[in-house]
Amino acid sequence: MNLPKVYVTRQIPKQGLDLLRQAAEVEVNPDDAPVPRERLLEIIKDCQGVIGLLTERIDAEFFDAAPNLKGYANYAVGFDNIDVPEATRRGLPVTNTPDVLTNATAECAWSLLFGVARRVVEADAVMRSGSWAGWGPMQFIGGDVTGKTLGIVGAGRIGTAMARMSRGFDMPVLYTSSSGRRNETLDKELNARLVSFEELLEESDFISLHAPLNPGTRHLFGADAFKRMKRTAYIINTARGPVIDEQALLEALKAGEIAGAGLDVYENEPALTPGLAELANVVLLPHIGSGTESSRTDMSMLAARNMLAMLKGHKPETCLNPEIYD
Ligand code: DGY
């Protein structure tokens with residue numbers, strides 16, 4: 001029996017691939033780099049399924065190149081790389097990997113929060129340089145965390161987890177909601193306050209971004225937002241880079257309009273806005289929010305289960321366009 005052909009655009013944890021291999025012929029990009037677009041379009045010509053990453057554009061051109069496609073599975077929760085309406089128009093299911101990376105991403109946001117507030121990276125660099133001459137009362141003075149106000153932009157799964165983790169630090173929690181809907185978990189468990197974007201900017205000591213990237217959130221944080229923030233406040237981004245206007249952030253950091261930034265994602269990945277890496281008051285991570293053993297493994301298993309369901313014509317667990325099954 002001929003098994004359906006699935007292309008996986010980058011090496012992912014073995015558990016997902018093993019699962020997939022039970023019912024599909026699987027080809028994995030052997031290189032530790034994205035497949036060049038032309039080559040990808042060529043490879044998928046005879047594929048029934050593709051598992052891809054946030055670095056791939058899944059659009060009309062992609063679907064045109066894969067006439068036998070039964071579904072596309074994103075190995076990511078964010079899906080701004082997929083033209084979902086286009087997939088829906090074609091009756092093609094597309095999926096993402098929510099839930100399994102929620103805690104890992106929130107923990108990453110906390111590591112950035114502490115890293116930038118307590119100047120961990122700068123201090124580590126001094127130790128490694130061998131130039132530390134001993135304890136000094138004025139060295140590496142940072143910002144307080146306990147009791148400070150945490151502002152969550154995008155109180156979905158990851159934003160909620162981030163806020164819940166603040167319990168040990170007695171932080172008042174503010175959040176915004178693009179739909180205007182309250183987050184009952186945050187209201188009940190943390191006595192959090194749903195506020196306007198402007199109020200969140202003005203009152204927060206730490207602002208953590210967890211909103212998806214869409215036309216309404218692109219450059220949500222630009223020069224005006226940074227001017228409204230406290231000069232002692234920090235911004236943390238583990239969502240998507242373009243939610244921040246990176247040039248405006250650079251200028252705000254240089255001008256001392258905010259105290260610092262912890263970033264895991266960038267406007268033009270993998271490029272950094274020139275000048276950002278020279279600043280001491282930023283901590284920069286290479287998009288590792290979901291990067292824990294269990295989270296990345298579970299992402300591979302979920303993407304594989306989604307793919308197997310789509311190959312059979314069944315509704316996958318985490319479908320982004322479930323209406324195609326109505
Ligand atoms: C996602 O899942 O959207 C992350 O950015 C990668 O894990």
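Sorted by class, the shell around the ligand consists of five nonpolar, three polar and one charged residues. This picture comes from a predicted model, and the residues can be named one by one. Around the ligand are Leu54, Ala76, Val77, Gly78, Leu101, Arg240, His287, Ser290 and Met299. Arg240 is the charged member of this group, because Arg counts as charged in the classes used here.

Val77 takes part through its backbone: one of its backbone N or O atoms is 2.7 Å from an oxygen atom of the ligand. Gly78 also uses its backbone, with a polar atom there lying 2.8 Å from an oxygen atom of the ligand. His287 takes part through its side chain instead, where an N or O atom is 2.6 Å from an oxygen atom of the ligand. Each of these pairs counts as a polar contact, because the cut-off for such a pair of N or O atoms is 3.5 Å. How much of the ligand does the protein cover? On its own, the ligand has 230 Å² of accessible area, and the protein covers 89% of it.

Attention can now turn to the second largest pocket, which holds about 190 Å³ of space. Its lining is made up of 17 residues, and those nearest the centre of the pocket are Glu122, Ala280, Asn281, Val282 and Val283. In terms of class, the lining has 11 nonpolar, four polar and two charged residues.

An unreviewed UniProt entry annotates residues 111-289 as "domain: D-isomer specific 2-hydroxyacid dehydrogenase NAD-binding". In the model, this span is 30% helix and 14% strand, and its end C-alpha atoms lie 10 Å apart.

Two details of the backbone are also worth a look. The peptide bond that runs from Glu269 to Pro270 is cis, with omega near 5 degrees. Asp99 belongs to the loop between β5 (94-95) and α5.

Technical notes. Residues numbered from 1 in each chain as written. Predicted model: local features only at pLDDT ≥ 70, side-chain atom pairs only at ≥ 80, totals over all residues. Heavy atoms only, no water. Near = heavy atom within 4 Å. Polar contact = N/O pair within 3.5 Å; in protein donor to acceptor, adjacent residues only side chain to side chain. Areas by Shrake-Rupley, 256 points an atom, 1.4 Å probe, with all protein chains shown as cover. 1 Å grid on protein atoms, 1.4 Å probe; cavity = no way out; pocket = protein on both sides within 12 Å on 5 of 7 lines; lining within 4 Å. Points joined across faces, edges and corners; volume = space filled by probe spheres on them. UniProt positions renumbered as here; feature names shortened; annotations may be inferred. Helix = DSSP H or I, 4+ residues; strand = E, 2+ residues; numbered from the N terminus.
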